[in-house]
Amino acid sequence: MKLSIIVPVLNEAQGIVAALDTLVPLRAFGTEVLVVDGGSIDDTPERASPLADRVIVTPRGRALQMNAGAQIATGDALLFLHADSRLPPHAPALVERALADRNWGRFDVAIKGRSAWLPVIAMSMNLRSRFTGIATGDQAIFVTRAAFEAAGGFPAQPLMEDIELSKRLKRLGPPAGLRARVATSGRRWDTHGAWRTILLMWRLRFDYWRGVPPAHLATRYYNAP
């Protein structure tokens, strides 16, 4: 099974080289790495180009960017990776094994940062995902190409696109929940405060559940103090 890793980015010049460096060994064994830039005003695409199979520029929006990456990917399976996340060792083999009898899945997550609450937050995220079958983008969602296309890809919405895709994929079957951990940055929790961020996310999820339009939720999320 050939795996395509799709990395949506926007103004990630400071960290994109370090992020893609971790994927170089995977490329050496046939994994495809695609970087999808949403119109960066820094030199993210230029820095990414030597370390990816392809770099493309699309309209801004994580869902739109990931769908564009999926369209040009040549792999049998797709993995969506945030620029501030790091895959565990042997991730392609873990994904291939998981997709032998499932259509899709995700990793557990570990959050790296200053706050002492981050391990607790990560544990709660992993437990919630295991209980609900809903995955978040921080958990590096992976899926067969056939299942991704059957689900219609990511919905064209500015927030909660990972939640909505999970709901669609659950109709095709339960996810594989891998206990191997993706390490992701806790910069938002550190910058805005752990509990403030937790409360914000709970409110946004609740409002999404009760039908508040994603565009309204995105405004609150990105403009949060």
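**Figure 1. Helices lining the second largest pocket.** α2 (24-28) and α5 (91-98) each supply at least two residues of the lining of the second largest pocket. Helices here are DSSP runs of H or I with at least four residues, and strands are runs of E with at least two, both numbered from the N terminus. The model is predicted: local features need pLDDT of at least 70, side-chain atom pairs count only at pLDDT 80 or more, and totals for chains, interfaces and linings use all residues. Residues are numbered from 1 along each chain as its sequence is written, and side-chain values use heavy atoms, leaving out hydrogens and water. α5 gives the most to this lining of the second largest pocket, 5 residues.

**Figure 2. Centre and make-up of the second largest pocket.** The second largest pocket holds about 360 Å³ of space. Its lining has 20 residues, and Leu26, Thr31, His90, Ala91 and Pro92 are the closest to its centre. A pocket is an open set of points on a 1 Å grid over the protein atoms alone, where a 1.4 Å probe fits, with protein on both sides within 12 Å along at least five of seven lines; lining residues have an atom within 4 Å of a point. Points are joined across faces, edges and corners, and the volume is the space filled by probe spheres set on them. The lining of the second largest pocket divides into 13 nonpolar, 4 polar and 3 charged residues. Nonpolar means Ala, Val, Leu, Ile, Met, Phe, Trp, Tyr, Cys and Pro; charged means Asp, Glu, Lys and Arg; the others, Gly among them, are polar.

**Figure 3. The largest pocket.** About 1600 Å³ of space lies in the largest pocket. Among its 46 lining residues, Arg62, His82, Arg188, Tyr221 and Tyr222 are the closest to its centre. Elements that each supply at least two lining residues include β1 (3-9), α4 (62-72), α6 (118-132) and β8 (176-185). α10 provides the largest share, 6 residues. The lining of the largest pocket has 23 nonpolar, 12 polar and 11 charged residues.

Figure 4. Eight strands form an open sheet with mixed pairing, in the order β3-β2-β1-β4-β7-β6-β8-β5. β3 (54-57) and β5 (85-86) stand at the edges with a single partner strand each, so one side of each lacks a neighbour in the sheet. Two strands pair if DSSP finds at least two bridges between them. β4 (residues 77-80) and β7 (residues 142-144) run antiparallel, joined by 3 bridges. Leu78 has Val143 in β7 as its bridge partner. α5 packs on the sheet and touches β1, β4, β6 (104-112), β7 and β8. Contact means heavy atoms within 4.5 Å. The direction of α5 makes about 150° with that of β8. Axes are lines fitted to C-alpha atoms, for helices over the stretch in contact, with angles from 0 to 180 degrees between N-to-C directions. α6 also packs on the sheet, touching β6 and β8, and its direction makes about 165° with that of β6.
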